[in-house]
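Here is a note for a colleague who is coming to this structure for the first time. The points are numbered so that each can be checked in turn against the sequence and the coordinates.

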Protein chains: 2
Amino acid sequence: MNDVGCHSPLVRKFQALGPWTDSELLALGSFGSRRRRLGAHQAIFHERDASDEAYLVQSGWTCVYKLLPDGGRQVISFPLPGDIVGISGLFLDGAQFSFESLTPVELSPISTATLLNGAMASSNVARAVRWSVARDSAILVEHLVNVGRRSALMRTAHFILELAHRLRLIGAERAGEFACPVNQYWMADALGLTAIHLNRVLRELREAHLVTLRAGHVSIHDYEGLKDLAVFDGDYLSPPKRVGWP
Amino acid sequence: MNDVGCHSPLVRKFQALGPWTDSELLALGSFGSRRRRLGAHQAIFHERDASDEAYLVQSGWTCVYKLLPDGGRQVISFPLPGDIVGISGLFLDGAQFSFESLTPVELSPISTATLLNGAMASSNVARAVRWSVARDSAILVEHLVNVGRRSALMRTAHFILELAHRLRLIGAERAGEFACPVNQYWMADALGLTAIHLNRVLRELREAHLVTLRAGHVSIHDYEGLKDLAVFDGDYLSPPKRVGWP
């Protein structure tokens, strides 16, 4: 793997979809050719903004959310390094949500033309992008199930395990330990809970010796126990393994 | 518009993305070349099924849902004629949800190859498919916001208005009147409510002279009032209007 590959969370995320030729890595590299640095809690785009650019997260944590007229907020997702944000907005009249940085971040804007040309130039790039979009949709489905039908305890456990799996794929989780700079207000707004309720749930998970979230760090003490509680199966997060995958 | 077009809900849905040439209509027509009829409440695919076919709904109402280990059910969406179900599952190891008919339906299986070849053959077909996928994602985002942060009254109003807009696009709604063969159990499982709670909400909406749902038929009495209550803006459901849309 060349220089482009080693330093790119996108290539790390897509690694299992290879083998990748040098020219394919170059096409993937084009997605990251432009860079923009932003501080924490900076708006990247707002709901309804029309844009011809999506964003590849290169480093840092970000958040996608929708504000409600009553001041409420629903967090849709926490895009991580290697995730591409705003693809669906390219093909609608505007973005369906707002996008901001939670920590200092580095982002690569990807124009619609770059995205479509990259996919046109390499069927491996095309299938990686299709997988990425399909996976984001699967994550959204699980999020809806979480909020609609799982108990506060189950949904919080499910959320933490999903983060762990996503971070492992990009090398940012190790033996159940990972940094998680999402404060409890944002997390509550993802889970459809109040911050007070979430705080109680986190205490319950800690006292059951399953997982501790403290000072921006998560320690999973009992992975199997947490998995059983959440009835979690992370297959929807992993690169496809089946034969004949298009 | 030729014969293919007149009878196809897919072409009706995509009409505003035209003008369509005869050869493009033929490519779209290929998505509907195979037909399968099913009775009501028949399984089409189950969660985790690996498949190389998506399904175009030609007629009837269908439902996409996920079952929980405790017997709960979260309805993800109610695909209508012109909707394509299961595209994301083509690019993952398997389906993220189960898919069944709610009424007698006619479906067209679309193989991955047909879908990708159709998009390759015509940039107009490709952009129509991209829009369809992006719109499904936008619908999913609104659904998450509904369940996570909107009151039971607002989310039910929002759901009914969304159905009205989607049905209007395919010519199945007229002046606020439409058939809606979704019973209150399925609807409650979409909205993250109990059937009893939903029943109370529907009575409240009826008594406020906003909307009546009775015997499988919806009558919107006060469209503006219902829209104000839901803070509904249906732009995410309509074909893009912006210039330079890819």
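**Notes on the interface and some local features**

1. Across the interface of chain B and chain A, 18 residue pairs are found in polar contact, with both residues of each pair at pLDDT 80 or more. That threshold applies because this is a predicted model, in which side-chain atom pairs are counted only at pLDDT 80 or more.

2. As to which parts of chain B supply the side that touches chain A, at least two residues each come from strand S5 (73-77), helix H4 (87-90), helix H5 (112-121), helix H6 (123-149) and helix H8 (184-191). The largest share of that side belongs to H6(B), which gives 16 residues.

3. The extent of the interface can be stated in two ways, by residues and by area. In residues, 52 of chain B are in contact with 52 of chain A. In area, about 4300 Å² is buried between chain B and chain A, and carbon and sulfur atoms give 63% of this. On the side of chain B, the residues that lose the most area to chain A are B:Leu144, B:Arg149 and B:Arg242, which together make up 18% of what that side buries.

4. How are the two copies related to each other? Chain B is superposed on chain A by a rotation of 180 degrees with 0.0 Å of shift along its axis, at an RMSD of 0.0 Å; the two copies are therefore related as by a two-fold rotation axis. The same surface serves both copies, since 100% of the contact residues of chain B recur in chain A. Of the residues of chain B, the one that comes closest to the rotation axis is B:Leu144, whose C-alpha is at 2.6 Å, and B:Leu144 is also among the residues of chain B that lose the most area to chain A.

5. Side chains of opposite charge can pair when their charged atoms come close. Between chain B and chain A the count is ten salt bridges, while over all chains the count comes to 30. One of the salt bridges is formed by the side chains of B:Asp189 and A:Arg149, at 2.7 Å from N to O; B:Asp189 lies in helix H8 of chain B and A:Arg149 in helix H6 (residues 123-149) of chain A, so this pair joins two chains. In another, the side chains of A:Lys241 and B:Asp93 meet at 4.0 Å, N to O.

6. One annotation is taken from a record: in an unreviewed UniProt entry, "domain: HTH crp-type" covers residues 150-224 of chain A. In the model this span is 55% helix and 15% strand, and its end C-alpha atoms lie 18 Å apart.

7. Some details of the backbone deserve a look, given that most residues other than glycine have a negative phi, and most peptide bonds are trans. A cis peptide bond joins A:Gly18 and A:Pro19, with omega about 10 degrees, and A:Pro19 has its place in the loop between helix H2 (9-14) and helix H3 (22-30) of chain A. In chain B, a cis peptide bond joins B:Gly18 and B:Pro19, where omega is about 10 degrees, and B:Pro19 lies in the loop between helix H2 (9-14) and helix H3 (22-30) of that chain. A:His41, a residue other than glycine, has a positive phi near 55 degrees, and A:His41 is found in the loop between strand S1 (36-38) and strand S2 (43-45) of chain A.

Note on methods: Residues are numbered from 1 along each chain as its sequence is written. Chains are lettered from A and ligands numbered from 1 in the order in which they are written. This is a predicted model: local features need pLDDT of at least 70, side-chain atom pairs count only at pLDDT 80 or more; totals for chains, interfaces and linings use all residues. Side-chain values use heavy atoms; hydrogens and water are left out. Contact means heavy atoms within 4.5 Å. Buried area is the accessible area (1.4 Å probe) that two parts lose on being put together, summed over both. A polar contact is a pair of N or O atoms within 3.5 Å; within protein, one must be able to donate a hydrogen and the other to accept it, and residues adjacent in sequence count only if both atoms are side-chain atoms. Helices (H or I, at least four residues) and strands (E, at least two) are DSSP runs, numbered from the N terminus. UniProt positions are given in the numbering used here, feature names are shortened, and annotations may be inferred rather than shown by experiment. Copies are superposed by least squares on the C-alpha atoms of residues with pLDDT of at least 70 in both.
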